[in-house]
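Thank you all for making time this morning.

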Amino acid sequence: MAAYPGFLGGSATVRSRNVNAERSVNLFTEHAPGHPKADPWMLGTPGLEPYVILNNAPIRALFAQDNRMFAVSGTSLYEIFPNHTSILRGTAALDNRPATISSNGTNGNQLFITSGGNGYIYDLLTNVGAQIVDADFPASVEMGWFSDGYFGVLVRGTNQFNISALYDGTDWDALDVFQTSTTSDLTIAQIVSHREIYTFGSRNTAIWQNTGDALTPYQPIGGVSIEIGCAAPYSVANLDNTVYFLGQSMQGESIVWRMKGYTPERVSTHAVEFALNQYPQLENTIAWVYQEEGHFFYCLYVPTADVQWVYDLATGEWHERAHWNPVTCVWRPHVARCHAYCWGKHFVGARNSAAVYEMSLDLPTETLVI
């Protein structure tokens, strides 16, 4: 039992500061097991240490699998090694969105990168990458994924997604095209969870599955109609065996949801929703996720507001992550906007520099690259 009940907790500033003006910046709560002297108690957020500096551009994507790690830094694809070195592996187009990286594993030995509206395939055996030149590959794509042997890609500004040939991201067929038609809102994001394709519109969400049909393998799951869509394409993330996203519907926006089966479950608080509603734009919000010492964190970076909110699944509380600027005496948002776990370490890519940082609760300070 805490000596002062209610004194420790997350950020909870509501519309009336006479009611609650609490903020928790770079601190999160934990309930101690056994018979602790104090419960709950507060931990500092992880420290940062530069692991490798890539080119002169911010990190747009990180990906790790089978002890190999890759990053998209500006217009460049790098492989990063355990000895703090890196090598340029390819190039990619640039826009103001994150890039995406997925892999078809040892069956295809390929990485599929989407960046700047284009698609690229990197061969993990020959270490050669190139833009997809198949005439049937869409002209402008938003994001990519892998499931059941196929790479998939969402076509930007449409309700359409395409799939590749089995285990070959260089081969695309104009007939392997799928269209959401049950609702009229544009499809803005997709993510794979439990081999199902969550297809987010701006107002509604459909879920597709691989039925095994030879001609049309992907079909929407019958009877599933989710009348909540997505407010920010890159707020969609997999965490703790389900999907999280910043949502919106015909009734309004600024609620963070997680899927419970096929039903969205609200995880944001009125305090977080009040804050989100004050920001000028949410469409470019970016989520990154990780787990450390049993705490699953959903981190929400809002570029237009220069803030980063973090939800801790262990406690159900939210806190803020930021860096103090001693010159201007203001908080600046945490530098991270993407994450990968490799070689037993957490890595985050910087939103404001070419740095890939190691992140750990064992690091007591933050050493930032300006």
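This is a predicted model: local features need pLDDT of at least 70, side-chain atom pairs count only at pLDDT 80 or more; totals for chains, interfaces and linings use all residues.

Next come the cysteines, where a search of the whole structure finds zero disulfides. For cysteine 230, the nearest cysteine sulfur belongs to cysteine 299 and is 17 Å away, and because a disulfide needs two sulfur atoms within 2.5 Å, that distance rules out a bond here. Cysteine 338 is in no disulfide either, with the sulfur of cysteine 299, the nearest one, 12 Å away. Are these two cysteines buried or exposed? Cysteine 230 is buried, with a relative accessible area of 0%, and cysteine 338 is buried as well, at 10%.

I will finish with the charged residues. As a general point, side chains of opposite charge can pair when their charged atoms come close. In this structure there are 14 salt bridges, and I would like to look at glutamate 142 in particular, whose side chain meets that of arginine 97 with 3.1 Å from N to O. This pair links distant parts of the chain, since glutamate 142 is in strand 12 while arginine 97 is in the loop between strand 7 (86-91) and strand 8, 45 residues apart. Glutamate 142 is buried, with a relative accessible area of 8%, whereas arginine 97 counts as partly exposed at 29%.

Glutamate 142 also forms a salt bridge with arginine 156, the closest N and O atoms being 2.9 Å apart. Arginine 156 lies in the loop between strand 13 (150-155) and strand 14 (160-165), so this pair ties together parts that are 14 residues apart in sequence.

A further salt bridge joins glutamate 265 and lysine 260, at 3.8 Å from N to O; here glutamate 265 is partly exposed, at 25%, and lysine 260 is exposed, at 57%. Finally, salt bridges that share partners join Arg60, Asp95, Arg97, Glu142 and Arg156 into one network.

Notes. Residues are numbered from 1 along each chain as its sequence is written. Side-chain values use heavy atoms; hydrogens and water are left out. Buried means under 20% relative accessible area, exposed over 50%, partly exposed in between (1.4 Å probe, protein chains only). A salt bridge is a side-chain nitrogen of Lys or Arg within 4 Å of a carboxyl oxygen of Asp or Glu. Helices (H or I, at least four residues) and strands (E, at least two) are DSSP runs, numbered from the N terminus.
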